[in-house]
Amino acid sequence: MISARLRVLRAPVSSRIAMSFGALRYRSMVLVEVHTDDGLIGRGESWLNYPPWAAQERVATLREGVFPLLLGKDARRITEIHQLLCTELDPLGRQWGAPGPIRQAISAVDMALWDLAGIRNRTAISWLYGGRCRERIPVYASSLGPADVPEQAGECLASGHTAVKVKLGFGRSADERILAEARDVLGAETRLYADANQAWDLADAISAAPLLREFDVAWLEEPLRGNVLTELEELHRRTDLRLATGENIYGLRQFREFAASPAIAILQPDIAKTGGITEAVTICQLAAAYDKKVLPHLYGGALAFAATLQLAALATPVAGIEYDVRENPLRDPLLRNGPVPAGGLIELPDEPGLGVHVDAEAIAAFTELDTELTVD
């Protein structure tokens, strides 16, 4: 049977991390621990970057919505629990107009249950799905810009990165400067990607296409405000840009529509947002059916990082991993000897569960809220 513990972690960063729609001044995450009556613990993470008040919402959703459905269930029946949570809570998300927070809460529980299953069976999650397809995978350095691009790009090269993604959506002149500075330092051999974070309307994105081609941007992530598929298809038809999206898509029906579209080259589910490992594996199966690559979105903490590496180890369509190179006290400091990229690749851990060892003292140091829930 299951009991649960919920914690909110928060850590300031020394310099703001800008996106086209706002800036991160703190790294935040919700940590869910699932406890069994035989003393085992599985851990999962819910994405919590935006808005600044998201922690209050996520705590309420987990405490009032998710945990009452979870507590007392058999922790080994992960797929059934995932289906129950989605069946009961997705309709509330539709009525609320906020499917994302519901799925982000479910993600943490699903991740924790898979971690628990791996620990119980003394094997990595990737083996529980029938075997690993690889032991290492390419990474791309993520989140360069809008300021200090030459310095950031130089650090990426010094660290051995062979692919880099810049942030765009700050106005035409700023975007051109970002791309020029990045390409100037990275040279022609380093692959360059771009993420507009839904900054543009269709006309803006079409007008940006020549600039993207000039600097040999291999693919463009979330260019359009609202991420409407018909508009993305029109953008692709008129520019032939390779488009990537998925971090803000919720539900298999919508993922199937995007996977089936010739406009979408790359699917980007976020394992801490879209519904956890169970959902992400099914999305990878969809991608395989439509011959699409998967590059999971990854901009969270240590547990989302570890879970994404397990997904990469088990799912053939995963072609690479996003590696946030900006300051993140809630990723590497929370792990003991966690994996780091080398030469443009990262080793995929093979320890039980999520494959990593968390540092309990570091977790405690960043904890702002700690709540335990048990069965009456």
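## Strands 5 and 6

Strand 5 (residues 163–167) and strand 6 run parallel, joined by five bridges. This description rests on a predicted model. Val-166 sits opposite Ala-194 of strand 6.

To get from strand 5 to strand 6, the chain passes through helix 6 (residues 172–186). This β-α-β crossover is right-handed.

Strand 6 covers residues 191–195. Of its five residues, four are buried, so strand 6 is largely enclosed by the rest of the structure.

## On to strand 7

Strand 6 also pairs with strand 7 (residues 217–221). Three bridges join them, and the two strands run parallel. Here the bridge partner of Ala-194 is Leu-220.

The chain leaves strand 6, passes through helix 7 (residues 202–214) and reaches strand 7. This β-α-β crossover is right-handed too.

## Cysteines

How many disulfides does the model contain? The count is zero. Cys-284 is in no disulfide. Its nearest cysteine sulfur belongs to Cys-133 and lies 9.3 Å away. A disulfide would need the two sulfur atoms within 2.5 Å.

Is Cys-284 buried or exposed? Its relative accessibility is 2%, so Cys-284 counts as buried. Cys-156 has a relative accessibility of 3% and also counts as buried. The cut-off for buried is under 20%.

Note on methods:
Residues are numbered from 1 along each chain as its sequence is written. This is a predicted model: local features need pLDDT of at least 70, side-chain atom pairs count only at pLDDT 80 or more; totals for chains, interfaces and linings use all residues. Side-chain values use heavy atoms; hydrogens and water are left out. Buried means under 20% relative accessible area, exposed over 50%, partly exposed in between (1.4 Å probe, protein chains only). Two strands pair if DSSP finds at least two bridges between them. A crossover is right-handed if, with the strands pointing away from the viewer, the path from the first strand over the helix to the second runs clockwise.
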